[in-house]
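These are my notebook entries on a single protein chain. I set down what I looked up, element by element.

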Amino acid sequence: VMNLYSLGFIFRLTLKNSPTKAFHPLFMIRQITQYGHPILRQRCREVVVNDEILELVADMLETMIDANGIGLAAPQVGEDIRLVVIDVSHDPECVSYLRVNGDDVDMKSIMPLIFINPELEFGQAKEFGMEGCLSIRGIRAEVRRPEEVRASLPQLDGSMMILETDGLLARALQHEIDHLNGVLFVDRLPAVAKV
Ligand code: CO
């Protein structure tokens with residue numbers, strides 16, 4: 001039986017094993033839904049946490065690591081629910097600040113980031129940054145988005161994380177939360193750049 005304690009154990013195993021992608025029977029690498037699949041265009045449902053969700057989270061982390069991704073939203077593994085995993089800890093310098101519930105934090109202390117039912121607020125300034133998507137293979141493009149976000153990120157244990165940041169993490173949050181609303185990064189390209 002899975003619970004929050006065993007899930008934490010699985011996360012540590014996942015991260016420990018990720019460099020070798022060692023097989024572990026508790027994990028399942030899921031097929032990533034590709035552009036054209038209708039689930040990528042749906043507005044996803046609110047999540048209520050239960051044991052199935054915890055198993056899905058473990059699968060999503062494993063799938064993200066296997067695909068060398070920095071973020072994955074539930075519809076990308078065929079589940080139309082508002083659940084996201086993100087890990088940008090490969091590049092701790094990718095943000096100029098990182099605050100959780102008002103306090104400056106070390107990036108590694110909050111990665112992998114796992115949240116449900118998120119809400120986003122945006123700063124005024126916008127910037128371009130390169131994006132790709134595990135559901136749209138072979139296409140990368142500069143996308144213009146707000147530089148800074150304030151994200152309300154409900155956690156699996158029922159607590160609330162208020163995360164304020166910029167840089168790649170702000171971009172990843174926007175990209176993944178777009179997925180929960182059926183929006184893909186190619187929708188945000190100027191018409192002339194669309195294929
Ligand atoms: Co994507």
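**Entry 1**

Which residue of β5 is the bridge partner of I86? I looked this up and found L113. I note at the outset that the model is predicted.

I then examined how β2 and β5 (residues 113–116) are joined, and found antiparallel pairing over four bridges. On β1 (residues 71–73), I recorded three bridges to β2, again with the two strands running antiparallel. Within that pairing, L72 has V85 as its bridge partner in β2.

Next I checked the side chains of β2 (residues 83–86). L83 and V85 point one way, V84 and I86 point the other way, and all are buried. I set beside this the general rule that side chains in a regular strand alternate between the two faces of the sheet.

**Entry 2: the chain as a whole**

I counted three helices and 10 strands. Read from the N terminus, the order of elements is α-α-β-β-β-β-β-β-β-β-β-β-α. The chain has 195 residues, and 53% of them count as buried. I also looked up contacts between residues at least 6 apart in sequence: 69% of these join residues at least 24 apart. The exposed surface comes to about 10000 Å², with carbon and sulfur atoms supplying 51% of it.

**Entry 3: the five-stranded sheet**

I traced an open sheet of five strands in the order β4-β3-β10-β9-β6, with antiparallel pairing. β4 (103–104) and β6 (119–122) are at the edges with a single partner strand each, so one side of each has no neighbour in the sheet. For β9 (residues 149–154) and β10 (residues 160–165), I noted six bridges and an antiparallel run. A151 finds its bridge partner in β10 at L163.

**Entry 4: the cobalt site**

Which protein atoms are the donors of the cobalt ion? I recorded C133 (SG), H175 (NE2) and H179 (NE2), at 2.1 to 2.3 Å from the ion. Their spacing in sequence is C-x41-H-x3-H. Both histidines, H175 and H179, belong to helix α3 (residues 167–180) and are four residues apart, about one turn of the helix.

C133 is buried, at 11% relative accessible area. H175 is buried at 8%, and H179 is buried at 1%. For cysteines I also looked for disulfides and found zero. C94 is buried, with a relative accessibility of 11%.

**Entry 5: salt bridges**

My search of the whole structure returned 11 salt bridges. I examined R30 closely. Its side chain meets that of D59 in a salt bridge at 3.2 Å, N to O. D59 is in helix α2 (residues 51–66) and R30 in the loop between α1 (4–17) and α2, so that I logged a link between distant parts of the chain, 29 residues apart. D59 is buried, at 7% relative accessibility.

R30 also meets E79 in a salt bridge at 3.1 Å, N to O. E79 lies in the loop between β1 and β2, and R30 in the loop between α1 and α2, so this pair ties together parts 49 residues apart in sequence. I found E79 partly exposed, at 28%.

A further pair is R45 with D80, whose closest N and O atoms are 3.0 Å apart. R45 is partly exposed, with a relative accessible area of 48%. Finally, I logged a network of salt bridges that links E131, R145, R171, D178 and R188.

How values were computed:
Residues numbered from 1 in each chain as written. Predicted model: local features only at pLDDT ≥ 70, side-chain atom pairs only at ≥ 80, totals over all residues. Heavy atoms only, no water. Donors = N, O, S within 2.8 Å, 3.2 Å for Na, K, Ca; no water. Buried < 20%, exposed > 50% of the residue type's maximum accessible area, 1.4 Å probe, protein only. Pairing = 2+ DSSP bridges. Contact = heavy atoms within 4.5 Å. Areas by Shrake-Rupley, 256 points an atom, 1.4 Å probe, with all protein chains shown as cover. Disulfide = S-S within 2.5 Å. Salt bridge = Lys/Arg side-chain N within 4 Å of Asp/Glu carboxyl O.
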